[in-house]
Amino acid sequence: MAKPQPGGHRRRHEHGHDQHADQRDRTAAAKPCDRTSWREEIINRVPDLRPVAGTVPCRLVNALLRRFVELIEADLAAAGFIRRGPVFRHFDPEGNGIALDIQRTTALRGEVGFFINVGVLLAPHLRYYFGEDDPRRDAMPHHSVWRHRLVATDDTAKLPDHTFSMSTEADVERAATIVRTWLAENLPRMKSWLGDFEAMLAAIEEDRERSARARAEQLASGQWKAGRWPDGTWNDGVIRAYAHAERGDVDAVTAETAAVRHQACEQPPGGTKV
């Protein structure tokens with residue numbers, strides 16, 4: 001009986017490992033960007049998964065998203081925003097700001113899907129969330145006193161859809177145009193609210209009146225109409241509480257804080273949709 005060669009077991013292991021690694025490399029290169037296929041591969045132990053006709057490889061889907069980010073980043077950087085990962089942030093010297101987040105979501109095979117969330121940030125409210133930590137790195141739209149999820153459909157849609165879906169360069173251009181157009185129309189308004197309680201409270205009342213008109217039109221026609229409703233959700237109670245605090249009105253702050261707590265128990269978080 002032949003003696004085993006020193007290191008033979010290790011060489012056999014390494015050879016087998018190399019075979020598996022090569023096989024995984026071939027599989028990764030062939031795989032489409034499809035979570036269902038990943039799961040089927042694990043369950044069925046398919047040795048070499050071939051792309052399904054009509055799908056887009058993951059690297060191309062990621063390239064589409066990178067191109068979209070490049071297109072909107074040009075406008076946002078010019079407006080004073082700094083990108084960190086999928087989030088763009090702008091702050092004024094007092095610590096009030098605006099955050100825009102690209103939030104990935106599930107998509108059809110060969111597509112990339114995401115939401116665009118925007119929020120107006122109030123400096124004292126950020127201190128409530130972050131304490132001594134710097135919010136300029138981590139503040140998100142859900143920390144805001146006004147937030148909005150952009151609509152991905154145009155004015156011809158029967159109902160609004162907030163999901164941006166891309167599988168071609170044309171989809172990238174269309175999505176970027178929607179976002180850039182919205183930013184051009186709304187960034188000046190959002191910047192005018194930063195740290196200005198009176199401006200925010202006036203905007204809340206304007207949006208409340210606009211919502212009442214849109215609601216009456218929708219009830220009369222039985223149809224949702226694009227452009228009638230104001231964008232965004234206001235956390236109006238929090239804004240009023242900080243406005244009272246700035247004036248030093250302790251009793252008003254106490255009353256408003258109690259109202260905010262009561263309101264939070266009666267509706268989902270996020271403030272008042274006016």
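Ala214, Glu217, Gln218, Gln223, Trp224, Lys225, Arg228 and Trp229 line the largest cavity of this predicted model. That cavity has a volume of about 30 Å³.

**Cavity**
- The count comes to one cavity of 30 Å³ or more.
- The lining of the largest cavity comprises three nonpolar, two polar and three charged residues.

**Helix H5**
- Helix H5 spans residues 169–193, with 25 residues in total.
- From its first C-alpha to its last, H5 reaches 35 Å, close to the 36 Å expected at 1.5 Å a residue.
- H5 has a kink of about 45° at Asn186, shortly before the proline Pro188.
- Asn186 is also among the buried residues of H5, together with Leu187 and Met190.
- Other buried positions in H5 include Val172, Ala175, Ala176, Ile178, Val179, Trp182, Leu183 and Trp193.
- An α-helix has 3.6 residues a turn, so residues three or four places apart point the same way.
- Just after H5, Gly195 adopts a positive phi of about 70°.

**Strand S5 and its partners**
- S5 pairs with strand S4 (residues 112–121) in the antiparallel sense over four bridges.
- Within this pairing, Arg149 in S5 is the bridge partner of Asn117.
- S5 is also joined to strand S7 (residues 233–234) by two bridges, and these strands run antiparallel.
- Thr233 in S7 stands opposite Arg147.

Notes
Residues numbered from 1 in each chain as written. Predicted model: local features only at pLDDT ≥ 70, side-chain atom pairs only at ≥ 80, totals over all residues. Heavy atoms only, no water. 1 Å grid on protein atoms, 1.4 Å probe; cavity = no way out; pocket = protein on both sides within 12 Å on 5 of 7 lines; lining within 4 Å. Points joined across faces, edges and corners; volume = space filled by probe spheres on them. Nonpolar A, V, L, I, M, F, W, Y, C, P; charged D, E, K, R; others polar. Expected span 1.5 Å × (residues − 1). Bend = angle between axes of the 7 residues up to and from the residue. Buried < 20%, exposed > 50% of the residue type's maximum accessible area, 1.4 Å probe, protein only. Pairing = 2+ DSSP bridges.
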